[in-house]
Structures are given as structure tokens and as C-alpha cells.
Amino acid sequence: MYNNIDLDSIDLSVAAPMQEPERQHYFIAKLRQIVREKSQELGRPLFCCTETFGCQMNARDSEKLRGILELAGYELSENPESDVVLYNTCTVRENANLKVYGRLGYLSGVKKRNPGMKIALCGCMMQEPEVVEKIKKSYRFVDLIFGTHNIFKFAELLVTALESDRMVIDLWKDTQQIVEDLPVERTYSFKSGVNIMFGCNNFCSYCIVPYVRGRERSRKPEDILREIEGLVKDGVKEIMLLGQNVNSYGKNLENPVTFAQLLQEVEKVDGLERIRFMTSHPKDLSDDLIEVMKHSQKICRHLHLPLQSGSSRILKQMNRRYTKEQYLELAGKLRREIPDLSLTTDIIVGFPGETEEDFQETLDVVRKVRYDSAFTFIYSKRTGTPAAAMENQVPEDVVKDRFARLLTLVQDISKEMSARVQGQIQPVLVESMNEQDASLVTGRLSNNLLVHFPGTEELIGQTVNVYLKECKGFYYLGEIVDEKTLHFEK
Ligand code: 5AD
Ligand code: SF4
């Protein structure tokens, strides 16, 4: 995808163009020249190692960053003893930050052995001024820092860092710019994330995302469709439309388009088999979207609908803009309209001021909605968010106890819900060889559950019909059903 940029036709003897993406194409060509020269000097290829923390957005950003590195001639490696090491960081919870500091501690030793290597940091954590101050003070060996708004500039920034001995820092507070047509190195040949929008305007009071990812901006439908068509030509069967709040897609476009309308257009792309999307905010989920999902042949039977809390009082404090009752009504409607839909969620335990009664409300919603699965998080105080300044932070032992109780309930229900499709034959997109057992492959159902079944490597990337023999809690063991048998059974 877009990897057909003709670097050879770029004249490096003139100054870089000012316009994007031409400017970045120029710097990719320049980076390639540097890589070639260095590689000749060392008599070996140059390696780069990237590591991604956090969500699907970051994973997709990393594919773009890796696309740039690969096009410039670096060999992608998993070994941190590389010529370039790039960490794409996350800061949604404190743990994510701690992991990065841990890795940096380790890298300081690696860099002492390999002083020529370049260490680059980007992503959400870098958008926090305190983090950058800390790195400038305590991690002087870092060579390049950039943020979430200027990842498209990576080639230019890396060239600057390679030509300088000082720490290069380029951070933007926000941007309206969306640069198209840059290279991408996909992790999977058969599935891909596709950004449809960037940023978030919701300002949930616990969440740092609006501060580090900036204001909401949508890509134009024609750019999204062009990208998806290109991906499908390149063998992609499943796409995941990505946005912090896909339900508000298109509002800020010159010609406004709704998310439901976008989905209908995406559905028309020939050869595309599956459409997923992430994440939906309950306050913006329209009846139109439910209708489109219900009648779609391609939209997967999975909806991630973050609850965060079941207490209307806490939801208000969280600035979520829906009540327990409204959420339950929406979930009920979804269950009624699309009975085979898998509903998943995110829940935070221990938001400031959460009482046992509030927590019981959360358990009540979990019991009523019966989530197919749920991500449960312990509230993490993020500096700069309104919740961080709230009184009544809940004591750690109370939070841990609630978290354990919630997890047990969520898991018990999830096991029962997962068993719903036992005995059925369903299409499965095969994703990989099974990690534990080489005789098995692993694939995904439309509802996002994993299935392991006997098969060989050639099946990876193919959609096959699988008999769901045994539910093992959160996954299935199955058996491939060949076309002939299927016709016979019908
Ligand atoms: N503490 C705990 N969990 C959080 N999330 C976002 N911010 C925080 C925080 N400060 C969770 C929310 C969100 C998911 C991606 O991360 O549940 O939906
Ligand atoms: Fe954070 Fe809320 Fe935006 Fe999601 S919708 S990214 S939880 S502020």
C-alpha cells in the first residue's frame, strides 16, 4: 500500500519541497541514501526495532512508522540491539508509562555498548510536558522525541537526528493536518486497521486521550475508501475502522457524512469480506447504525461499547453524558435487533468518590447486559485531567477488592456467553499458526472469538467454515468443514 513511491526519481541535490507528502518522500529518499552509505561502511545491513504500547491506534501508527523505516532500507528486527530503536508509547494508565521507563533503563546499557545507535520515542506519552522534562533530565541518551500529531514527519526527524549529536525534540500541541499517501508496513497481510478519524472531543474526566491526541478530525470518505480499495487489492479481507469515537465520524467534514453512511460505502468495496470498528461511544450510537449493522453482510457481529461505570452519579462525574438507564436501553435494543451480536465493554473501578452502592450499580449493569467479554481497569490518576484533582480518591485495598469481584462476575458471564455458538458452523478468518500446538491454526469468528482447529500454514489469511465443537471458556476448539460436507449437510 502506497509503497510504490518512486524514491529514485527524487533529486536530493535540491532543497526539500515544502509541501506534504512530497517533503516526506524527499526525506525518505535522503534517509535511504544515509542507510546505504552507512551499511556499505559497516559491511552489513542496518537494523531497526520498533515496539508499540497501547491501543489499536498506536498499532496502526507503528505500521506507518515501520513503513517509512522499511522503505528507507532498514531491516526490521525484534532485537533492541539495533541501529534504530523506536518506542511508540501509551499513557492512558500509569502502568503504560512505567513500562516505557523500564525499557529505557535497559536501553541505556545497550547504548553504552553501541554508541552509534539512535533511540527514538513517540506517541501519547511524549505529548505530556512532564514526561519530556523527565527524559531530558534523566534519560539524556535518547536521540529523538516526537508526538502523536507529527508521526508523518518521522523520516525528516530521523534524518535530523542522524545528522546531529543533540536530542531532537519536535512536539506539536495539536493539528488539523492529515497527511495521506505515506508508506505502511502491515503486520498482517490479510487484515488491517484503517484510521477514519483522529483525536477526541469528549473529555471524559479521567481520560488523558483528548490532551495527547488533540481535537477530533475526520478523514474524507473518499480517502478512506481509496485506502480500503488499495488494501483489498493487496489481499486484505478484514478491516478495522479506527477512531476514539467512531460514532461522531464526519461531523467536522466540509460535507458532513455519518458513520452509518460511511459504513454503507465501505460495504460496497468488492472483495472486502469483513468490517470491524472501534470504539463506539454510547452517547452517539444512532439507530441508523444499528439498522446498517443489522442488514450488513460484512460488518462483524461485534460491538465494543464502553460502559466505564454503571452508576449514573459516577457517569455524571466522568462526563460520559449518558445514564445507567440510557445505557441499558441501548444495550437492550442492540440485543433485540441483532441477537447474535457480541457486546464487549470497558469498565473502570475505583473512580474518585465511587461508593459500594455505585459499584453495585456497575455489577447490576454487567448482570443485565451479560457482556460477551469486558476489559476491566483500575482507575489510574492522570495528571492534568479533572478527575486527578477530585477529592475522595478510593483507597487501594477497596479498589482491589472491587476489581476482583467484578472480574469474577465478568468472567463467569463471559464463559456462558461464549458457549452460545457451540455446535454451529461459522466462517473463520485464519490468522496464525497456534502458538502452543503446531498442528493447529488459530482464527477469528465474526463475533471476535478465537477458534483453534487442525490446519496448516496455507490456511492463514483464508476464510473457512469451521464446526465449533467445544467451547473452552473464552475460545473454541473446532474442525474445518470442507465445502462438500457443508453442501451435503445443507
Ligand atoms: N484509568 C483507568 N482506565 C482508563 N481508561 C481510560 N483512562 C483511564 C484511567 N485514567 C480506560 C477506559 C477506556 C480504555 C481505553 O481505557 O475504560 O475505555
Ligand atoms: Fe477518553 Fe472518553 Fe475520548 Fe474515549 S471518549 S478517548 S474515554 S475522553
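This is a predicted model: local features need pLDDT of at least 70, side-chain atom pairs count only at pLDDT 80 or more; totals for chains, interfaces and linings use all residues.
**Entry 1: the open sheet**

I started with an open sheet of three strands, ordered β12-β13-β14, with parallel pairing. β12 (302-304) and β14 (373-378) are the edge strands, each with a single partner, so one side of each has no neighbour in the sheet. From one strand to the next I get an average twist of 15°.

Next I checked how β13 sits against β14. Strand β13 (residues 342-349) pairs with β14 over six bridges, in the parallel sense. Opposite Ile348 I find Phe377 of β14.

**Entry 2: the barrel**

I then went to the closed barrel. Its five strands run β15-β16-β17-β19-β18, and the pairing is mixed. The twist here averages 55° from one strand to the next.

Strand β18 (residues 463-471) and strand β19 (residues 475-480) are antiparallel, with five bridges between them. Which residue of β19 is the bridge partner of Cys471? I noted Tyr476.

**Entry 3: strand β4**

Is β4 buried or exposed? Six of the six residues of β4 (residues 118-123) are buried, so the rest of the structure largely encloses this strand. I went through the two faces in turn. Lys118, Ala120 and Cys122 are buried on one side, and Ile119, Leu121 and Gly123 are buried on the other. I marked Lys118 as a charged name in a buried list.

β4 also has a parallel partner: strand β3 (residues 84-89) is joined to β4 by six bridges. Across from Cys122 of β4 I find Asn88.

**Entry 4: α12 against α13**

I turned to helices. Helix α12 (residues 356-369) packs on helix α13 (residues 396-418) at about 10°, and the axes are 10 Å apart. Angles under 35 degrees count as roughly parallel, and α12 and α13 are therefore roughly parallel to each other.

I listed who meets whom. From α12 come Glu356, Phe359, Gln360, Thr362, Leu363, Val366 and Arg367. They meet Arg402, Arg405, Leu406, Leu409, Val410 and Ile413 in α13. Sorted by class, this contact has seven nonpolar, two polar and four charged residues.

**Entry 5: two single residues**

I picked Val399, which lies in helix α13. Its relative accessibility is 5%, so Val399 counts as buried. Leaving out residues up to four places away in sequence, Val399 touches Val349, Gly350, Ile378 and Val394. Val349 belongs to β13, whose residues are 342-349, and Ile378 belongs to β14, whose residues are 373-378. I also took a distance: Val399 and Cys204 are 195 residues apart in sequence and 20 Å apart in space, C-alpha to C-alpha.

Then I looked at Ser311, in the loop between β12 and α10 (312-317). Ser311 is buried too, with a relative accessible area of 2%. Which residues does Ser311 touch, not counting those up to four places away in sequence? I found Asp358, Glu361 and Thr362.

**Entry 6: around ligand 2**

Last, I looked at what surrounds ligand 2. The shell consists of Cys200, Asn202, Phe203, Cys204, Tyr206, Cys207, Val209, Pro210, Gln244, His281 and Arg320. By class I have seven nonpolar, three polar and one charged residues there. Cys204 in this shell is the residue I used for the Val399 distance.

Technical notes:
Residues are numbered from 1 along each chain as its sequence is written. Chains are lettered from A and ligands numbered from 1 in the order in which they are written. Side-chain values use heavy atoms; hydrogens and water are left out. Two strands pair if DSSP finds at least two bridges between them. Helices (H or I, at least four residues) and strands (E, at least two) are DSSP runs, numbered from the N terminus. Axes are lines fitted to C-alpha atoms, for helices over the stretch in contact, and angles run from 0 to 180 degrees between N-to-C directions. A residue is near a molecule or strand if one of its heavy atoms lies within 4 Å of it. Angles under 35 degrees count as roughly parallel, over 145 as roughly antiparallel, 65 to 115 as roughly perpendicular and the rest as oblique. Contact means heavy atoms within 4.5 Å. Buried means under 20% relative accessible area, exposed over 50%, partly exposed in between (1.4 Å probe, protein chains only).
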